[in-house]
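Dear colleague,

Please find below the structure that I am handing over to you, followed by an account of what was found in it.

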Amino acid sequence: MEQTRKPMKMEVKFAENGEAKVVKASDALPLPLYLTNAVFFTLFFSVAYFLLTSWREKIRSHTPLHVLNLSEIVSILVLVASFVYLLGFFGIDFVQTPSLKDEEEDIIVQEDAHIVPCGQALECPRPQIAGIASPKPAQKAIVENPAMETPPPTAEDEEIIKAVVAGTIPSYSLESKLGDCKRAASIRREALQRITGKSLEGLPLEGFDYESILGQCCEMPVGYVTIPVGIAGPLMLDGREFSIPMATTEGCLVASTNRGCKAINLSGGASSVLLKDGMTRAPVVRFNSARRAAELKFYMEDPENYETISMVFNKSSRFGRLQSVQCAVAGKNLYMRFCCSTGDAMGMNMVSKGVQNVLDFLQNDFPDMDVIGISGNYCSDKKPAAVNWIEGRGKSVVCEAVIKGDIVTKVLKTKVAALVELNMLKNLTGSAIAGALGGFNAHASNIVSAVYLATGQDPAQNIESSHCLTMMEAINDGNDLHVSVTMPSIEVGTVGGGTQLASQSACLNLLGVKGANREAPGSNARQLATVVAGSVLAGELSLMSAIAAGQLVKSHMKYNRSSKDVTTVSSA
Ligand code: ADP
């Protein structure tokens, strides 16, 4: 951003509480500005008058001018000092010490900080300066906090560390042997550093509840990775406001989504419809002949058998309710894709238990059935697959908004026609040429991943959860934009897995969908799915606008590139 010279030297400083204040040159003196100025003006003119009169006397008495007494030397020094001050006051900067130069650069950065990269490209003025905290002190907060430093091992722990290093105590057994998950993680970490000779400095150990992940989220922990969480929105969705937590290290992403939310809100909000809600699991079973495999298929598809099968399936959980079984024969193998509702759980465990019950039951009528695997990939979990794109998996959601033409111009800085054309050539035609599978969008996975990480979802399910068809159409005589995202496989839950961890749970709480919904089981998870779709809608709108306006690269170079010399980062 271009820096403009001000008549009086000023800069914006941020106080520790994040509030901005204007700093002037005269702040160096503990006096009000008008007094400081008066002192320097008086000094300058009095000293100048004194020197002129003394030199006039010298000329009269034929004394050389360069012969100076002490009072004249002091007067010259005072004259120069007050002259420098007055030049500074009038904004004429002729002396620049290295530290002043640094401050100048700070001013540029701070002036830039008043601009929000609100669209992976576009710059929006911040509404106010107050409250913008300087990012510098927060950067090493965890490492510098003495309370977070790991204490040296005790003599007893030292013995255990040596045993783990020697291989006499298996690392995985530390939790069960010690009965203290934090201590186990600390010992494992120290042993790992000694075995590998690599430092784990920077990977925090303190400040985490290791008991909460035991047997549920992560084995053999040695610390935890920190990911910043940003907030986009609020997003007006189905008449409610949602502040969207996004865990990401990709600069621009939160700001971009935020801009999309703004455009949606100013246009009256977005609305969503949940089309389908069912998690799937598809075991593969083998017979001696294709005929036998087909016989089981017909048995499963006979409506008369469905009631029995669903009764057996539903015994596994209060929340798992069988919806359908879709069968596919491959030679003498049969793949049965069970689909069931799972309440507020994402549901992989729940559906697997139900499937196991049914397989055990089928073994009675089909003793020659050989169960090859409870998952035969026709499910299909964590892999790109047309079956999820076509049939859906988890929650299928469509979300739409009408963005008014003037909002497209003012907030998104582009035109309706440009967006429609770009969407057709990029998200539809371009993706078709690329042979995309569910990838008919600009960057749905960016938003899905960030929301998933923040809210404790399984990040690997980003694959099918990011299947998204983005559509844009000019409506109202080409003045306004209809935009929609259709997402058939959003796999989310608000109970189980990582959702129970403290930080992820806090993000779910922010969205008002923490834990199980007791009045209407499943409604928290369904609500979360619509928020994911709404956030994707905002993200699509903003990035597409940035691309249409041709500002993507410029913005990323500005906000997504650290000035840090990456060549200095190496292994320790
Ligand atoms: P997943 O199937 O997603 O892996 P889990 O089986 O680990 O999830 O967690 C679901 C657990 O939460 C089950 O034991 C289930 O009985 C319990 N639960 C409690 N309330 C609900 C609810 N409203 N919806 C779904 N599950 C619930």
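**The largest cavity**

By class, 1 nonpolar, 5 polar and 4 charged residues make up the lining of the largest cavity. For these classes, Ala, Val, Leu, Ile, Met, Phe, Trp, Tyr, Cys and Pro count as nonpolar, Asp, Glu, Lys and Arg as charged, and the others, Gly among them, as polar. The model is a predicted one: local features need pLDDT of at least 70 and side-chain atom pairs count only at pLDDT 80 or more, while totals for chains, interfaces and linings use all residues. Residues are numbered from 1 along each chain as its sequence is written, and side-chain values use heavy atoms, with hydrogens and water left out.

A cavity is a set of points, on a 1 Å grid over the protein atoms alone, where a 1.4 Å probe fits but cannot get out; a pocket is an open set with protein on both sides within 12 Å along at least five of seven lines, and lining residues have an atom within 4 Å of a point. Grid points are joined across faces, edges and corners, and a volume is the space filled by probe spheres set on the points. By this rule there is 1 cavity of 30 Å³ or more, and the largest cavity holds about 30 Å³ of space.

Among the residues that line the largest cavity are Lys-276, Asp-277, Gly-278, Gln-323, Cys-339 and Arg-393. Strand 7 (271–281) and strand 12 (394–403) each supply at least two residues of this lining, and strand 7 gives the most, with 3 residues. Helices (H or I, at least four residues) and strands (E, at least two) are DSSP runs, numbered from the N terminus.

**A strand pair**

Cys-339, one of the residues lining the largest cavity, is the bridge partner in strand 10 of Ser-324. Strand 9 (residues 321–330) and strand 10 (residues 333–341) run antiparallel and are joined by 9 bridges; two strands pair if DSSP finds at least two bridges between them. Their hairpin has 2 residues between the strands, and Gly-331 takes a positive phi near 65° there.

**The ligand**

The ligand is surrounded by 14 residues, the closest being Asp-344, Met-346, Gly-347, Asn-349 and Met-350; a residue is near a molecule if one of its heavy atoms lies within 4 Å of it. A polar backbone atom of Asp-344 is 2.7 Å from a nitrogen atom of the ligand. Oxygen atoms of the ligand lie 3.3 Å from a backbone N or O atom of Met-346 and 2.6 Å from one of Gly-347. The shell around the ligand divides into 8 nonpolar, 5 polar and 1 charged residues.

**The second largest pocket**

The second largest pocket has a volume of about 1,300 Å³. Its lining comprises 43 residues, and Cys-217, Gly-456, Gly-498, Leu-501 and Gln-504 lie nearest its centre. Helix 11 (348–365), helix 15 (444–455) and helix 17 (502–510) each supply at least two residues of that lining.

**Backbone geometry**

Most residues other than glycine have a negative phi, and most peptide bonds are trans. Met-220, although not a glycine, has a positive phi of about 50°. The peptide bond from Gly-233 to Pro-234 is cis, with omega near 10°, and Pro-234 is found in strand 5 (residues 229–237). The bond from Cys-379 to Ser-380 is also cis, with omega near 0°.

Yours sincerely

Conventions:
Polar contact = N/O pair within 3.5 Å; in protein donor to acceptor, adjacent residues only side chain to side chain.
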